[in-house]
Amino acid sequence: MKKLMLFALCLTFMSRFVCAAGNEIEYKYEPTPEILKAQKEFSDNGFGIFIHWGIYSMFGQGEWYLNYGPKADEYAKAAAGFYPARFDASEWVKAFKDAGARYVTFTSRHHDGFSMFGTKQSDYNIVDATPFKRDVLKELADECGKQGLKLHLYYSHIDWTRPDYPSGRTGLTTGRDSTLRDWPKYYDFMNRQLRELLANYGPIGAIWFDGWWDHDFEADKFDWQLPQQYAMIHDLQPACLIANNHHENVFPGENIQIFERDVPGENTAGYSSQDISSLPLEMCQTMNGMWGYKVVDQNYKSVAQLIHLLVKARGIGSNVLLNIGPQPSGELPAAALERLKGIGEWMSKYGETYYAASPSDFPAQTWGTSTRKGNKIYVHILSAEGTEINVPTSAKVKSARTFEDGSKVKFAKNKDKGITLYLDSIPDAIDHIVELEIE
Ligand code: GLC
C-alpha cells in the first residue's frame, strides 16, 4: 500500500524532480498540521548547535580529509583506534542548553561514510568498527530527552567509501571500484539507515541532508529520488522537518531552508545565491573555520562576533546553527566551551528579544538590526558611531526604554519616516538593546 502511495506521489511530481522512469514529475507537497506546528517551534527556538564528529576527528584535519589523499581502506583503519574515552553526552547537552541552544544537529553519517550510530546496514559504524562499541547517538538522544533539547540529524547523501555510491564531483581519489556503482542499492541502503534513525532514537526534530551538490543537476540530470525519501521520512515521523543543504531554491517537501556560512540575503561564502523562501530559515556557521575538528584551526570567532551573528540572523528571521567539532577524545574544545558560556550569559539576559522574535518592519541598518514580538520592537545597536540612532520603522512608537534597566530613552519622530533615538553616550555593550513600545 505504502509503495503504491509513493508511486502515486512520484507520478504527481513536476518541477526539478525527475522520476526513476526519466519523466519530469510535479511534487505537490502540502505541509501537515504536525509540520506547521514543528516549523513554528523550530523558528521560535532560534538557536541550535551543529556537531561534526566522526573518525575524521582523529586526523585533526577537518571532515573532508578523506577527499584529499587517503585511500578509503587505509583511512578506515582509524576506526580500530577510535575510543573517545571522554565522551559524555550529559555534559554536551548541558553545555548546549546552558548556552541557550534549543536543539542539536548531529552528524549521523558524513561524506566519509562512517556511521556514528549503531546501524545494521553496514559494519562501518561506531558500535561495530571501534573498540568503543557505544552507540554515541543513542546516548545523545537519551540525554536530549532527559534535559529537553531537540535532536536533529545531519545525514550526507554522499559516500566516499562505498563503491555503490555513484560518485559525482568529490571523493574521486579514495580508491573505490567505480564499476560497482549501483544507485538502487545505495539508495536502498540510505533509506534503511534513515528508517533506523527515525525508529531508534526517539523523536527527531529534523533530518538535515547534505551533498546534493555532488552531482550537477543541469549537467548529469542525476536523480536523487528525494521526493520518495522525503515522503518516507514524513510518513515515519510526521513532525520531523526536512532540510537540505543543496544551496538551491527549496525543493517541494522541504520544511526548512538552509543557508551555509551566510546570513540569508548575503553571499560572502559563495553558497547562498538561492532565493529566500517563506519557510523557516536556518543559517549554519563554524565557530572557527572548519566543521570537523582541525588541529591547526584555532581561529575562533569571539563571543561578541558570535552574538552579533545571532542577532543579525534573528533580525531577518533566521535561526543560527552554530558548529562545534569535538575532539577525538569526545571532549568539546575548550575554546568552543568558552564561546558557549559567553553566548549563554547573553541569552539568559537578553533571550527575550531573541527567542520567538520575528523581524521587525525595517531591514538591518549600519548600526545594527531589530527584532519584534507583539507590540515591542527591540532595537539591537551593535556598532553605533554616534548617539543618534535613526530607526526607520513605520510603526507608531509610544515609548523607548533601555532593555537592560528600563530607563527611558529620548526619541523624536522623524520628518519623513520613523524615529531618532537620542542615547546618552555611544554604547559599548556587545548589543545595546532599546525596547520600543508600539501601537
Ligand atoms: C558543506 C560541507 C560539509 C559540511 C557542511 C555543513 O556542505 O561539505 O563538510 O558538513 O557544509 O554545512
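Helix 6 passes helix 8 in a right-handed crossing (the near helix is turned clockwise from the far one by less than a right angle). Helices here are DSSP runs of H or I with at least four residues, numbered from the N terminus. This is a predicted model, with local features needing pLDDT of at least 70 and side-chain atom pairs pLDDT 80 or more, while totals for chains, interfaces and linings use all residues. Residues are numbered from 1 along each chain, and side-chain values use heavy atoms, without hydrogens and water.

**Helix 6 and helix 8**
- Their axes, lines fitted to C-alpha atoms over the stretch in contact, come within 10 Å and cross at roughly 20°.
- Helix 6 is therefore roughly parallel to helix 8 (angles under 35 degrees).
- Tyr187, Met190, Asn191, Leu194, Arg195 and Leu198 of helix 6 make the contact with Gln228, Gln229, Met232, Ile233 and Leu236 of helix 8 (heavy atoms within 4.5 Å).

**Helix 6 itself**
- Helix 6 covers residues 183–200 and reaches 25 Å from its first C-alpha to its last, close to the 26 Å expected at 1.5 Å a residue.
- Its buried residues (under 20% relative accessible area, 1.4 Å probe, protein chains only) include Trp183, Phe189 and Leu197.
- Among the partners of the buried residues are strand 4 (103–109) and helix 5 (136–147).
- Glycine 202 follows helix 6, with a positive phi near 70°.

**Helix 9 and helix 10**
- The axes of helix 9 (residues 303–315) and helix 10 (residues 334–350) come within 9 Å and cross at roughly 50°.
- The crossing is right-handed.
- Val303, Leu306, Ile307, Leu310 and Val311 in helix 9 meet Glu338, Arg339, Gly342, Ile343, Trp346 and Met347 in helix 10.

Conventions:
Helix = DSSP H or I, 4+ residues; strand = E, 2+ residues; numbered from the N terminus. Expected span 1.5 Å × (residues − 1). Buried < 20%, exposed > 50% of the residue type's maximum accessible area, 1.4 Å probe, protein only. Axes fitted to C-alpha atoms, helices over the stretch in contact; angles between N-to-C directions. Parallel < 35°, antiparallel > 145°, perpendicular 65-115°, else oblique.
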